[in-house]
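Here's a walk through one protein model, one piece at a time. Keep the picture open and follow along as you read.

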Amino acid sequence: MFYELRQYQIVDGKMDEWIEYMESVIIPYQVGLGMVITGSFRGEDEKTYVWMRRFNSDAEREALYAAVYDSERWKTEIAPRVGQLLQKGGINVQNIVPTPRSVTQ
């Protein structure tokens, strides 16, 4: 099991709009397809948004990525809006594994 830590840089002045879109569209859509979203956070700088997803294996991650990102809804409706709210090149994704005593086992 591992987590995916995703950090995004949001277009100036669009943080509230981004959070509303994440919480009303993106997160429910991904959860509906089987993603496990474990957290969603805004940074103090009003430009950084961080969220985490949990996967049981690389195979599960690949299957869920395909279900979400290869879908027509993602390609035609969601991705274009995401492109308007995120800064170009402002995405950092890192896989992280809980330490032995972490409460996120």
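## A helix with a kink

Let's start with helix α3, which bends by about 45 degrees at I78, and a proline, P80, follows within four residues. The bend at a residue is the angle between axes fitted to the seven residues ending there and the seven starting there. Helices (H or I, at least four residues) and strands (E, at least two) are DSSP runs, numbered from the N terminus.

Before going on, a word on where this comes from: this is a predicted model, in which local features need pLDDT of at least 70 and side-chain atom pairs count only at pLDDT 80 or more, while totals for chains, interfaces and linings use all residues. Residues are numbered from 1 along each chain as its sequence is written, and side-chain values use heavy atoms, with hydrogens and water left out.

How far apart should the ends of α3 be? The helix covers residues 72-85, and at 1.5 Å a residue its 14 residues should span 20 Å. The expected span is 1.5 Å times one less than the number of residues. The end C-alpha atoms of α3 are 20 Å apart, so that agrees.

## The hidden side of α3

Which residues of α3 are buried? They are W74, I78, V82 and L85. Here, buried means under 20% relative accessible area, exposed means over 50%, and partly exposed is in between (1.4 Å probe, protein chains only). An α-helix has 3.6 residues a turn, so residues three or four places apart point the same way.

So what covers them? The cover includes β1 (2-10), α1 (15-32), α2 (58-69) and β4 (86-96).

## The sheet

Now for the strands: 4 of them form an open sheet in the order β2-β3-β1-β4, with antiparallel pairing. The edge strands, β2 (36-42) and β4, each pair on one side only. Two strands pair if DSSP finds at least two bridges between them. From one strand to the next, the twist averages 15 degrees.

Look at β1 and β3 (residues 48-55): these strands run antiparallel and are joined by 8 bridges. If you find L5, its bridge partner in β3 is M52.

Helix α1 packs on this sheet and touches β1, β2, β3 and β4 (contact means heavy atoms within 4.5 Å). The direction of α1 makes about 10 degrees with that of β3. Helix α3 packs on the sheet too, touching β1 and β4, and its direction makes about 105 degrees with that of β4. For these angles, axes are lines fitted to C-alpha atoms, for helices over the stretch in contact, and angles run from 0 to 180 degrees between N-to-C directions.

## Charged pairs

Side chains of opposite charge can pair when their charged atoms come close. How many salt bridges does the whole structure have? A search finds 9, where a salt bridge is a side-chain nitrogen of Lys or Arg within 4 Å of a carboxyl oxygen of Asp or Glu.

One of them joins D16 and R42 (3.0 Å, N to O). D16 lies in helix α1 and R42 in strand β2, so the pair ties together parts that are 26 residues apart in sequence. D16 counts as exposed, at 55% relative accessibility, and R42 is partly exposed, at 38%.
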